[in-house]
Amino acid sequence: MVCGGPLPIQVQLTRWFDKSRGKAMGFAYLGIGFGGAAVPWISHALVQHFGWQAALRALGLLILVIALPAAFLAKEPPLRE
């Protein structure tokens, strides 16, 4: 949660946005909320079909597939004067 949760998102957004910072944070936290609501449904379906061990592996792989490329695509904020 610390490495990929609200704190790094807040730091990144405060570096990128000045005017619409609140709106950007709202959209970011909306995504966190939707993800938090979707994971129990996804994990339940995976456990029902494949068992809890395979479901845990699949969720870990899913995190790597999504988060690792996103970390490499993150750019430095533009320079401000």
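Q: Is K75 buried or exposed?
A: K75 has a relative accessibility of 61%, to be judged against the cut-offs for buried (under 20% relative accessible area), exposed (over 50%) and partly exposed (in between), with a 1.4 Å probe and protein chains only. The model is predicted, so local features need pLDDT of at least 70 and side-chain atom pairs count only at pLDDT 80 or more, while totals for chains, interfaces and linings use all residues. Residues are numbered from 1 along each chain as its sequence is written, and side-chain values use heavy atoms, with hydrogens and water left out. Because its relative accessibility is 61%, K75 counts as exposed.

Q: Where does K75 lie, and how far apart in space are K75 and I42?
A: K75 belongs to the segment that follows α3, helices being DSSP runs (H or I, at least four residues; strands are E, at least two) numbered from the N terminus. Along the sequence K75 and I42 are 33 residues apart. Taken from C-alpha to C-alpha, their separation in space is 30 Å.

Q: How are α1 and α2 oriented to each other?
A: Helix α1 covers residues 6–16 and helix α2 covers residues 21–50. Their axes (lines fitted to C-alpha atoms, for helices over the stretch in contact, with angles from 0 to 180 degrees between N-to-C directions) come within 10 Å and cross at roughly 150°. Angles under 35 degrees count as roughly parallel, over 145 as roughly antiparallel, 65 to 115 as roughly perpendicular and the rest as oblique. The two helices, α1 and α2, are therefore roughly antiparallel.

Q: Which hand does the crossing of α1 with α2 have, and which hand that of α2 with α3?
A: A crossing is left-handed if the near helix is turned anticlockwise from the far one by less than a right angle, and right-handed if clockwise. Where α1 passes α2, the crossing is right-handed. Where α2 passes α3, the crossing is also right-handed.

Q: How far is the C-alpha atom of G36 separated from that of D18?
A: G36 is found in helix α2, where it is partly exposed because its relative accessible area is 48%. Along the chain G36 and D18 are 18 residues apart. Their C-alpha atoms are separated by 27 Å.

Q: What is the accessible area of the nonpolar patch that includes L62?
A: The place of L62 is in helix α3, residues 52–73, and L62 is partly exposed because its relative accessible area is 39%. On the surface, L61, L62, L64, V65, I66, L68 and F72 form this nonpolar patch. Together their accessible area (Shrake-Rupley method, 1.4 Å probe, only the protein chains shown counting as cover) is about 740 Å².

Q: How far apart in space are L73 and G5?
A: L73 is found in helix α3, and it is exposed because its relative accessible area is 65%. In sequence L73 and G5 are 68 residues apart, whereas in space their C-alpha to C-alpha distance is 17 Å.

Conventions
Patches are made of residues with over 30% relative accessible area and no salt bridge: like charges are joined within 9 Å, nonpolar side chains (Val, Leu, Ile, Met, Phe, Trp, Tyr) within 5 Å. A salt bridge is a side-chain nitrogen of Lys or Arg within 4 Å of a carboxyl oxygen of Asp or Glu.
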